[in-house]
Amino acid sequence: METITGTFARRCLPCRDPMGHKGDFGKVLCVCGSVGYTGAPVFASRAAVRTGSGLVFLAVPQSAWPVVAVKSDEAMPFPLPEAEGKLSLMAEDAIRCRAEDCDALLLGCGLGRSWQTDALVRNLLDIEKPLVLDADGLNAINGQEELLKRRKAVTVLTPHEGEFLRLGGDLSKGREAAAAAFSEKYGVYLVLKGHRTVVAAPDRRVAVNSTGNSGMAKGGSGDVLAGMILSLLGQGCKAFDACCAGVWLHGRAGDRAAADKGERGMTPTDLLEQIPYAMKEI
């Protein structure tokens, strides 16, 4: 087991071509949001931008699109068919079409739950692109975790402990052992969030993060992390490296925000603002 330090995270980051253009730094797609949950897609997509993605596309339900569009300057939101404020199965073709031209995909932040949205997530699991599953993307596969074994591309799961338990994870032997066992069983990269976030790979590699604080225990912080990992995958990072660098930078940005605003008063927006400075440190 390794400890993720700044030196460790630096080794994980991809080189950035000084002569590159936006198409060289990853095109990523966030499929997120629903009526009542318009912050989550914005946090995830902004985090992807802040972490270095060249192009960030954001798929949201039609009725959430006006709110998300007003909040999005760098990311490019587009509306999709919905049912009762959540993405419907009719959105599938448009998502597949956009994903074809992208380097990585995020499903879940603020999606909400409905039978159509859950079915949509499960249908999209066969897209052969690196995939991050977070929040309601994880809830959509509860009881159907075997679907993960069919994936032909990198899969990253980012549950907190409650979500992990609903997926069938067993914490009785500790967080590190639990993450390693789940990752090996399903062939996924697992980011088990919480104090000293654990990253586990299917080959039994395990790393524990050394950054972060209780001020990050606010709604929206997980969406930021999902967007950061997505961005690194889209830039060509190996999956384990993307997860490890993502959690360290996320925690370091949180530590910087806490030093500035205090743990009680800091917000996920403050966290976003600190990502570039955390990256400059390493």
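Predicted model: local features only at pLDDT ≥ 70, side-chain atom pairs only at ≥ 80, totals over all residues.
**Entry 1**

I began with Arg50, which at 35% relative accessibility counts as partly exposed. Residues are numbered from 1 along each chain as its sequence is written, and side-chain values use heavy atoms, with hydrogens and water left out.

Which residue forms a salt bridge with Arg50? I found Glu273, with the closest N and O atoms 3.1 Å apart. A salt bridge here is a side-chain nitrogen of Lys or Arg within 4 Å of a carboxyl oxygen of Asp or Glu. Glu273 lies in helix α11 (residues 268–281) and Arg50 in helix α2 (residues 39–50), so this pair ties together parts that are 223 residues apart in sequence. Helices (H or I, at least four residues) and strands (E, at least two) are DSSP runs, numbered from the N terminus. Glu273 is partly exposed, at 40% relative accessible area.

**Entry 2: other salt bridges**

I looked up the total and got 13 salt bridges in the structure. One of them joins the side chains of Asp101 and Lys27, at 3.7 Å from N to O. Asp101 sits in the loop between α4 (92–99) and β7 (104–107) and Lys27 in strand β2 (residues 27–31), so the pair ties together parts 74 residues apart in sequence. Lys27 has 21% relative accessibility and counts as partly exposed.

Next I checked Arg204, which forms a salt bridge with Glu184; their closest N and O atoms are 3.0 Å apart. This pair links distant parts of the chain, 20 residues apart: Arg204 is in the loop between β11 (198–200) and β12 (206–209), and Glu184 is in helix α8 (residues 175–186). Glu184 is partly exposed, with a relative accessible area of 43%. I also noted that Glu92, Arg96 and Asp126 are joined into one network by salt bridges that share partners.

**Entry 3: positive phi**

Most residues other than glycine have a negative phi. Arg204 is partly exposed, at 44% relative accessibility.

Where is Glu84 found? I located Glu84 in the loop between β5 (82–83) and β6 (86–87). Its phi is near 55°, a positive value in a residue other than glycine. Glu84 counts as exposed, at 80% relative accessibility.

Key:
Buried < 20%, exposed > 50% of the residue type's maximum accessible area, 1.4 Å probe, protein only.
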